[in-house]
Amino acid sequence: MSRSSSKTANRYAELPVDQISSYKHNPRVTRNPEYARIKNSLEKNGLEAPLVVTRKPGAEQYTLQAGGNTRLDIAQSLHDAGDVEFATVPCIVKAWTSELNVLVSHLRENDMRGNLMFIERALGVMAFAKLANDPDAAPISQRELAKQLQEHGYALSQPVISVMDYAVNRLYGLLPTALEHGMGKRQITAIRMLEHCAVKVWDRQCPDERGAFGELFGELVKSCDSVTLDFDELTANVAHEIAVASNSDDHAVQLLLDAERSGDAIELEAFEIVESDVSRKLEEEAQKRPFNLEREVQKNRATAVEACVALAEKYELSDCVEVTLDARFGYFMSELPKRNAQRVQTGMWKLLGTACDQARATKRVLKRLLDPNSRLSAALETSKPSELYTQLASFELFECGDRLFRMLEEDDWKRAVKLIGAYRHLRQLEDVHALNFWKT
């Protein structure tokens, strides 16, 4: 669009407040926590900043084009209460582009204000997926959804979209209270991992009822819905139900769930074990099993991913990580940190990149994995992978002891050590067994 046409399309107008509708796909599902403050400001000062509105061709009403739903709601309620000052409101009228552009504009506006919960962002992204999908075609993939969001100016990685999909389409009907009170990505990911492991343990321990645990898991999750979900209680309930169905011990099933989570699946023998002996019996069983290379690789990949995802979320790098549990070191860095990233974020990005050995990857392999529209892909056009990561480094992996110790909280330091340990074990497996996880 040219500068002149843009000026023509965007105009200022005083519009009747009852001719403007809130955006029907507004991602916010709960009252804005700033509602009282905003209402007080409007009562004292009026609507100082214009609302940004647009109108779909053929529609009678204007709709908000980028945020402003709380201010419009308050203005309309004040007008309904008899305040004539809000009969009309100042607006910037923008030309209609598309439903997808309007939805993304609302997501971006709320992100800039930083007041959307994870479930609200997820609902917005899933609404985008529904709008973007051709009803006569197969549903778009999460990777395609990430690409289309990027094209509309809203960058999200496929792993984040995957968690959003699970939150909306699996958990929202079961945990509305917890999600609408701020349950975040880390807790949602933990519940998804628990379900994944529980289904596997159930199918193995209750072979006559394979595939039946999904519905039961949903009921157990629903029973734990509260303002603050107790994950330990949910895990205990899951273990108890499997134990009852398989005539096992609760603690033994808990150990099976832990083993499954670490990629080290084991079986319970069909004999009675007193609870105090469960851990020792299972450890003895594990020691007797012959070495299994695939199991060891997967176990360390799972450990690396668990630590990486937690650190990436803590340091706002989730959009830079893509999980690949069955390949390479369990994950890879799919994007660069933001240009204005803090020093600790840049350093953490380098640590995560080093612990998946990404500098060892060839440019050809990386270009195949990366989104061609990503900044990382563009940077690789002029730099070798090893050179690029060195330029980004705020410290090298083996210089990070003292500096990381001072920069990271205790729990994050422990995760970093756990991540480096998993990386070290995977490199040892490569050396001993002549492997190269980045070769394919």
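The model is predicted: local features need pLDDT of at least 70, side-chain atom pairs count only at pLDDT 80 or more, and totals for chains, interfaces and linings use all residues. Residues are numbered from 1 along each chain as its sequence is written, and side-chain values use heavy atoms, with hydrogens and water left out. Helices (H or I, at least four residues) and strands (E, at least two) are DSSP runs, numbered from the N terminus.

Start at helix H12, residues 250–261. Its 12 residues reach 17 Å from first C-alpha to last. That is close to the 16 Å expected at 1.5 Å a residue, where the expected span is 1.5 Å times one less than the number of residues. At the start of H12, a side-chain oxygen of Asp 249 comes to within 2.8 Å of the backbone nitrogen of His 251.

Which residues of H12 are buried? They are Ala 252, Val 253, Leu 256, Leu 257, Ala 259 and Glu 260. Buried means under 20% relative accessible area, exposed over 50%, and partly exposed in between (1.4 Å probe, protein chains only). Seen down the axis of H12, the buried residues fall within an arc of 165°, so they line one face of the helix. The arc is that of the directions from the helix axis to the C-beta atoms.

Take Leu 256, found in H12. Leu 256 has a relative accessible area of 0%. Cys 197 is 59 residues from Leu 256 in sequence, yet the two are 8.9 Å apart in space, C-alpha to C-alpha.

Now look at Glu 99, in helix H4 (residues 99–113). Glu 99 is buried too, with a relative accessible area of 15%. Leaving out residues up to four places away in sequence, Glu 99 touches Tyr 23, Lys 24, His 25, Lys 56 and Leu 131. Contact means heavy atoms within 4.5 Å.

Finish at helix H20, residues 410–433. Its 24 residues reach 35 Å from first C-alpha to last, close to the expected 34 Å. The buried residues of H20 are Asp 412, Ala 416, Leu 419, Ala 422, Tyr 423, Leu 426, Leu 429 and Glu 430. What covers these buried residues? The cover includes helix H14 (293–314), strand S7 (330–333) and helix H15 (343–354). Just after H20, Ala 434 takes a positive phi of about 55°.

How values were computed: Polar contact = N/O pair within 3.5 Å; in protein donor to acceptor, adjacent residues only side chain to side chain.
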